[in-house]
Amino acid sequence: LGLFALPKSANANNKYAAIVMEANTGRILFSRHADKRLHPASLTKIMTLLLTFEAIESGNLSKDDRVFISKRASRMVPSKLGLPHGSTIRVEDAVYSLITKSANDVAVALAEHIGGTEWGFSRLMNTKAKQIGMHRTTFQNASGLYHRYQRSTARDMAILSRYVIMNYPGYYRYFSTASFRYNGRSYHNHNRLMRWYKGMDGLKTGYISAA
C-alpha cells in the first residue's frame, strides 16, 4: 500500500473525487469525496457495455448481430463514428467503438437495440445499478452526454467496474484494446494510460464540461 499525494489543482477542484479499490476483495485503499454525486460522463458507457455483455450471455444478442443506426443515433454529438442513418454495425464492432472511440452514436444505437428506446434502456441501467449496489447513481442515457439528473459517484463507478471484472472476465479483455479498425479507419483508445503505463487494462475515460 503506497502513499498518495494529490496535486493542488485536484484538491481545489470541487468536481474532483477519487477512490482506489482492491478488485479481488473490494477493500478500499484510498478515497476522497468518493460518495459525492457527480456527472459520470462517458464512464456511463461501462454500464451500457455491461448490459450488452449480459444480453450476449443470455442469448438475446449475438456478437454478429447488426445494430441499426436510427436518425436520433446518427445525430449524436461527438465523440462518434459518424455512421449515417439507416446503416448498421456488428455488435462486437459496436463494443470496440465504445471502448476506444467512446462513440456516442453507437451507444445510443445499442441502447435502442437492447431496450427498444434509449429511455427504456436507461431504466434497465438503473435496475442493474440498484441490483449491484450502486445506490447513489441515476442514469438518464447510454452515452454519458450531459443530463442534469445523470449522476454517480467514484464509489459506485468502482463497484460497477469491479462487477464487470469479476463477473465477465471473458469480456473484460475488450477494455485493454489500444485501437481498432473499422471501415478502413483506425480508432485509438482515448485512455492515454494505455500507451505508457505497463499492465494497464482498462476501463474507461470520459469528459463533459460539467464533469
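Biologist: What does His33 count as at 43% relative accessibility?

Modeller: This is a predicted model, in which local features need pLDDT of at least 70 and side-chain atom pairs count only at pLDDT 80 or more, while totals for chains, interfaces and linings use all residues. Residues are numbered from 1 along each chain as its sequence is written, and side-chain values use heavy atoms, with hydrogens and water left out. Buried means under 20% relative accessible area, exposed means over 50%, and partly exposed lies in between, using a 1.4 Å probe and protein chains only. Because the relative accessibility of His33 is 43%, the residue counts as partly exposed.

Biologist: Which residues is Thr44 in contact with, leaving aside its neighbours within four places in sequence?

Modeller: Thr44 lies in helix α2, residues 44–58, and at 0% relative accessibility Thr44 counts as buried. Contact means heavy atoms within 4.5 Å. On that basis, the residues in contact with Thr44 are Met125, Phe139, Asn141, Ala142, Ser143, Gly144 and Gln150.

Biologist: Which residues does Tyr171 touch, not counting residues up to four places away in sequence?

Modeller: Tyr171 lies in helix α8, residues 169–172, and Tyr171 is buried, with a relative accessible area of 9%. Under the stated exclusion, the residues that Tyr171 touches are Phe53, Ile56, Glu57 and Lys63.

Biologist: At what angle do helix α5 and helix α6 pack?

Modeller: Axes are lines fitted to C-alpha atoms, for helices over the stretch in contact, and angles run from 0 to 180 degrees between N-to-C directions. Angles under 35 degrees count as roughly parallel, over 145 as roughly antiparallel, 65 to 115 as roughly perpendicular and the rest as oblique. Helix α5 (residues 104–115) and helix α6 (residues 118–131) have their axes 7 Å apart, and they pack at an angle of about 80 degrees.

Biologist: How do the residues of the contact of α5 with α6 divide into nonpolar, polar and charged?

Modeller: Val108, Ala111, Glu112, Ile114 and Gly115 in α5 meet Glu118, Gly120, Phe121 and Leu124 in α6. Ala, Val, Leu, Ile, Met, Phe, Trp, Tyr, Cys and Pro count as nonpolar, Asp, Glu, Lys and Arg as charged, and the others, Gly among them, as polar. The residues of this contact therefore divide into five nonpolar, two polar and two charged.

Biologist: Which residues in α5 does α4 meet?

Modeller: The axes of helix α4 (residues 91–100) and α5 come within 9 Å and cross at roughly 135 degrees, which makes α4 oblique to α5. From α4, the residues Ala94, Ser97 and Leu98 take part, and in α5 they meet Val106, Ala107 and Leu110.

Biologist: Which residue does a cis peptide bond join to Gly202?

Modeller: Omega of this bond is about 0 degrees.

Terms used:
Helices (H or I, at least four residues) and strands (E, at least two) are DSSP runs, numbered from the N terminus.
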